[in-house]
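This report goes through one protein chain for a reader who has not seen it before. Please keep the sequence and the model open while reading.

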Amino acid sequence: MHVLYVHQNFPAQFGHIARHLAARLGWRSTFVSETPGGMVDGIEKIQYAIGGGATKTTHFCSRTFENAVWHTDGVYQALRARRVADPSFKPDLIVGHSGFGSTLFLPELFPNTPIINLFEYYYIGHGADSDMEFRRDLPWRAPEIKFLRSRCRNAMILLDLQNADAAYTPTQFQHSRFPAEYQGKLRTIFDGVDRAVYHGHGETLRRAGSKRTIAGVEVAVSTRVVTYVSRGFESMRGFDVFLKTAKRIYEEYPDVIFIVVGTDRMAYGGDETHVAPHSTFKEWALAQEAYDLSKFRFVGRIAPLELGKLLASTDLHIYLTVPFVLSWSLMDALSCGAVVLGSDTAPVREMISDGENGLLADFFSPEDLAKKAVGVLRDPGAYRPLGRRAEQSITERYSLEAVLPAMLKLYEETVERRRGLPSVAEPELERRVESEAAARTPFRG
């Protein structure tokens with residue numbers, strides 16, 4: 001089987017699956033992305049480039065779709081060039097991430113190749129689980145134009161849903177966001193946690209020797225470690241709530257250090273228009289109260305293996321989110337056997353049962369979060385069973401080994417279903433365009 005993966009980034013959600021298929025099953029895996037081409041772990045990488053994108057003159061509500069079309073064309077042009085160079089290049093299956101390098105144009109190149117798309121999110125402007133309306137505690141609200149955009153933002157997602165032979169989404173929460181008419185087409189299959197990287201590493205990491213060195217930070221054996229991980233420090237991931245919680249924690253339990261992984265950026269946007277005169281949400285959040293910054297270690301981004309050791313070493317991991325796509329860091333922390341204190345929001349409740357494999361607290365109550373956190377820090381050993389059950393739940397339900405059979409079943413069923421349909425005549429590429437130069441120029445209406 002030859003599987004072609006499409007994603008703007010590498011390895012993203014597909015890299016570890018592609019490696020497994022290449023190494024364990026001998027399948028051929030090709031990955032098209034914006035990252036440099038070459039061979040990595042038995043995977044052929046093809047790089048695509050975009051020739052443009054939305055500008056300030058593009059309507060705000062259509063910019064997401066405009067950018068998606070440029071990425072879609074970039075994917076098409078790169079694979080078209082690959083086919084011209086090697087006419088035998090014909091994958092048996094295409095797997096793509098809707099929204100990060102769409103597969104929409106690929107039936108023009110591979111009309112007999114089935115397409116499976118991964119769908120992460122369907123945008124809903126209003127309602128109890130709307131990410132735009134959830135943070136009512138902030139001194140600002142999403143402007144009207146954001147709600148108008150939410151009605152346009154699913155355009156490429158809907159086209160990909162219609163175009164795909166099969167589709168899946170990682171969690172039940174994400175599945176529930178999609179319109180009823182597409183619910184039957186979507187399966188729920190998690191991406192798969194790589195247990196080779198994110199595992200417990202043994203209890204010794206938490207209490208070994210007189211000191212621990214964690215993410216480059218030396219920690220005395222008596223000092224409790226609390227971790228927070230987020231790609232960007234922003235309101236959607238409750239960074240300001242984390243800071244308020246941390247302050248209440250160290251005021252009651254002073255012998256604690258907070259190791260914060262991530263970057264001072266806003267990955268999902270929106271906060272930057274409200275935090276002036278501060279330049280980032282982190283700066284705005286730190287200005288809201290007086291914080292003892294000696295209690296915090298901001299370590300930036302760290303490599304996966306180092307992150308795995310950090311999460312396996314922490315006494316408590318705090319994870320906060322509005323109703324939105326779950327961060328990989330939550331699943332990684334659970335997989336590492338960390339005791340996780342999470343926000344009592346729908347996507348987190350799907351993974352954590354309060355008091356069984358973790359703890360939940362009110363997103364809007366730093367007091368409630370801090371109270372539960374201090375309870376863990378006063379007696380970490382009493383809460384270790386929660387971490388062990390968390391690790392077990394990932395191993396059994398969400399690890400790569402656990403989800404791979406369902407993923408392979410989806411792959412094989414989709415291929416077999418397409419093989420049972422009449423073949424479509426393949427287009428003659430040189431007849432479709434006048435020259436290679438024309439092929440490198442995006443189609444214009």
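Where is Pro-11 found? Pro-11 is in the loop between β1 (2-6) and α1 (15-24). Helices (H or I, at least four residues) and strands (E, at least two) are DSSP runs, numbered from the N terminus.

## Basis of the description

This is a predicted model: local features need pLDDT of at least 70 and side-chain atom pairs count only at pLDDT 80 or more, while totals for chains, interfaces and linings use all residues. Residues are numbered from 1 along each chain as its sequence is written, and side-chain values use heavy atoms, with hydrogens and water left out.

## Backbone in the loops

Phe-10 and Pro-11 are joined by a cis peptide bond, with omega about 10 degrees. A cis peptide bond also joins Ala-276 and Pro-277, where omega is about 10 degrees. Pro-277 belongs to the loop between β12 (256-263) and α9 (281-286).

Ala-12 is not a glycine, yet it has a positive phi of about 50 degrees. It sits in the loop between β1 and α1. Ala-12 has 19% relative accessibility and therefore counts as buried; buried means under 20% relative accessible area, exposed over 50%, and partly exposed in between (1.4 Å probe, protein chains only). Asp-41, also not a glycine, has a positive phi of about 50 degrees. This residue lies in the loop between β3 (38-40) and β4 (43-47), and Asp-41 counts as exposed because its relative accessibility is 53%.

## The eight-stranded sheet

An open sheet is formed by eight strands in the order β3-β4-β2-β1-β5-β6-β7-β8, with mixed pairing; two strands pair if DSSP finds at least two bridges between them. β3 and β8 (186-188) are at the edges and have a single partner strand each, so one side of each is left without a neighbour in the sheet. On average, neighbouring strands of this sheet are turned by 25 degrees against each other, direction ignored. Within the sheet, β1 pairs with β5 (residues 93-97) in the parallel sense over four bridges, and Val-3 has Leu-93 in β5 as its bridge partner.

Two helices lie across these strands. Helix α2 (residues 63-85) lies across β1, β2 (28-33) and β4, and runs at about 120 degrees to β4. Helix α15 (residues 400-419) lies across β1, β5, β6 (115-118), β7 (166-169) and β8, and runs at about 165 degrees to β7. Axes are lines fitted to C-alpha atoms, for helices over the stretch in contact, and angles run from 0 to 180 degrees between N-to-C directions. Contact means heavy atoms within 4.5 Å.

## Strand β12 and its partners

Seven of the eight residues of β12 are buried, so this strand is largely enclosed by the rest of the structure. β12 pairs with β11 (residues 224-232) in the parallel sense over eight bridges, and Val-260 in β12 is the bridge partner of Tyr-228. From β11 the chain passes through helix α8 (residues 239-252) to β12, a right-handed β-α-β crossover; that is, with the strands pointing away from the viewer, the path from the first strand over the helix to the second runs clockwise.

β12 also runs parallel to strand β13 (residues 296-300), joined by four bridges. Phe-258 stands opposite Phe-296 in β13.

## Packing of α8 on α13

Helices α8 and α13 (residues 366-378) pack at an angle of about 45 degrees, and their axes are 8 Å apart. That angle makes α8 oblique to α13 (under 35 degrees counts as roughly parallel, over 145 as roughly antiparallel, 65 to 115 as roughly perpendicular and the rest as oblique). Residues that meet here include Val-241 and Ile-249 in α8, and Leu-369 and Leu-377 in α13.
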